[in-house]
Amino acid sequence: MNISPPCENLLSALLKYNVQERITFEEYFNHEFLDLSHAATHENYLLTIKLLEEAIELDKAKQYSSSLPKYKEAVCYLERFVTIETDYNKKAILNLRLQEYTTWIATLTDILNGRSRTNYKVPLPIPTNISANQTYESLRDISTTTPGLVTALDIGKTGELYYAEGKKQLALEKLTTSFGLLLPLLDSEPVGLRKDMLRIQIEKWMTLAEFIKDELR
């Protein structure tokens, strides 16, 4: 079982053979793994969305010194949600957004320190509700003029359906085939909404593929 570094650190501190070396009561409740103020609750998820929406609006006004703390606070919450999420669709989207916000924090830090960047993109907010089929259906709708992309998406979706039916090996084969088609298409896709959606969908299916590999071991 994989555990996060903070969790591993806390367990190690609790399981010291020498009692004198074990973590103290105060240190235990102040440990980063037990940061209850950033617990993965529904209220904190809504707060995370609010923080990000406010930060993005501040970015539009180029008030970067005000948006940066909000992004940092949101990332603290978001890391918790990524860690505990078990639905592969939601986990993939949240993880992708987490990576984008972390990169954006570094970009803002550079801008505020006078190391201006000319090629950057303001990240998108995370959705209030994440639907398992939302990205696939929307992406397929805007890909009808690109038959090769539609075919690749359908293969990936077939893999997802096989998994739902318990046909794990077939699911993995279909997903692997779809990656071989989708990744080159992603690379050649112009910057824009469809590229972003395609990246999210690939990330979802890659997460599912990893789940399947673990289950087949």
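Let's start with helices H7 and H8. H7 covers residues 147-164, and the two helices pack at an angle of about 155°, with axes 8 Å apart. An axis here is a line fitted to C-alpha atoms, for helices over the stretch in contact, and angles run from 0 to 180 degrees between N-to-C directions. So H7 is roughly antiparallel to H8. The cut-offs: under 35 degrees is roughly parallel, over 145 roughly antiparallel, 65 to 115 roughly perpendicular, and the rest oblique. H7 and H8 cross in a left-handed way. Left-handed means that the near helix is turned anticlockwise from the far one by less than a right angle; clockwise would be right-handed.

A word on the model. It is predicted, so local features need pLDDT of at least 70 and side-chain atom pairs count only at pLDDT 80 or more, while totals for chains, interfaces and linings use all residues. Residues are numbered from 1 along each chain as its sequence is written, and side-chain values use heavy atoms, with hydrogens and water left out.

Who makes the H7–H8 contact? On H7, the list includes Gly-148, Leu-149, Ala-152, Gly-156 and Gly-159. On H8, it includes Ala-171, Leu-175, Ser-178, Leu-182 and Leu-185. Contact means heavy atoms within 4.5 Å. By class, that contact has 12 nonpolar, 6 polar and 3 charged residues. Nonpolar covers Ala, Val, Leu, Ile, Met, Phe, Trp, Tyr, Cys and Pro; charged covers Asp, Glu, Lys and Arg; the others, Gly among them, are polar.

Next, H8 against H9. H8 is residues 168-188, H9 is residues 193-216, and they pack at about 150° with axes 10 Å apart. That makes H8 roughly antiparallel to H9. H8 passes H9 in a left-handed crossing. From H8, the residues in contact include Leu-172, Leu-175, Phe-179 and Leu-186. From H9, they include Leu-198, Ile-202, Trp-205, Ala-209 and Ile-212. The class count for H8 with H9 is 16 nonpolar, 2 polar and 6 charged residues.

Now step back to the whole chain. The protein has 9 helices and 0 strands. These elements are DSSP runs, numbered from the N terminus: helices are H or I, at least four residues, and strands are E, at least two. Of its 217 residues, 37% count as buried. Buried means under 20% relative accessible area, exposed over 50%, and partly exposed in between, with a 1.4 Å probe and protein chains only. Take contacts between residues at least 6 apart in sequence: 63% join residues at least 24 apart.

On to H3 and H4. Their axes come within 8 Å and cross at roughly 155°. So H3 is roughly antiparallel to H4. The crossing of H3 and H4 is left-handed. H3 brings residues including Leu-47, Leu-51, Ala-55 and Leu-58. H4 brings residues including Tyr-64, Tyr-71, Ala-74, Tyr-77 and Phe-81. By class, the H3–H4 contact has 12 nonpolar, 4 polar and 4 charged residues.

That leads to the cores. A nonpolar core is a set of buried Ala, Val, Leu, Ile, Met, Phe, Trp, Tyr and Cys residues joined through side-chain atoms within 4.5 Å. In soluble globular proteins, nonpolar side chains tend to be buried together. The largest core here has 22 residues, and Tyr-71, Leu-94, Tyr-101 and Leu-108 touch the most other members. Helices H3 (42-60), H4 (64-84) and H5 (88-112) each give two or more residues to this core. H4 gives the most, with 9 residues. Leu-108 touches Asp-59, Tyr-64, Ser-67, Leu-68 and Tyr-71, leaving aside residues up to four places away in sequence. A second, separate core has 18 residues, including Leu-149, Leu-175, Ala-209 and Ile-212.

Lys-62 lies in the loop between H3 and H4. Its phi is near 60°, a positive value in a residue other than glycine. Most residues other than glycine have a negative phi. Lys-62 is exposed, with a relative accessible area of 58%.

Lys-50 lies in helix H3. Lys-50 counts as partly exposed, because its relative accessibility is 47%. Its C-alpha atom is 8.8 Å from that of Ala-74, 24 residues apart along the chain.

Last, Ile-23. Ile-23 lies in the loop between H1 (5-14) and H2 (25-29). Buried or exposed? Ile-23 counts as buried, at 19% relative accessibility. The C-alpha atoms of Ile-23 and Leu-10, 13 residues apart along the chain, are 8.2 Å apart.
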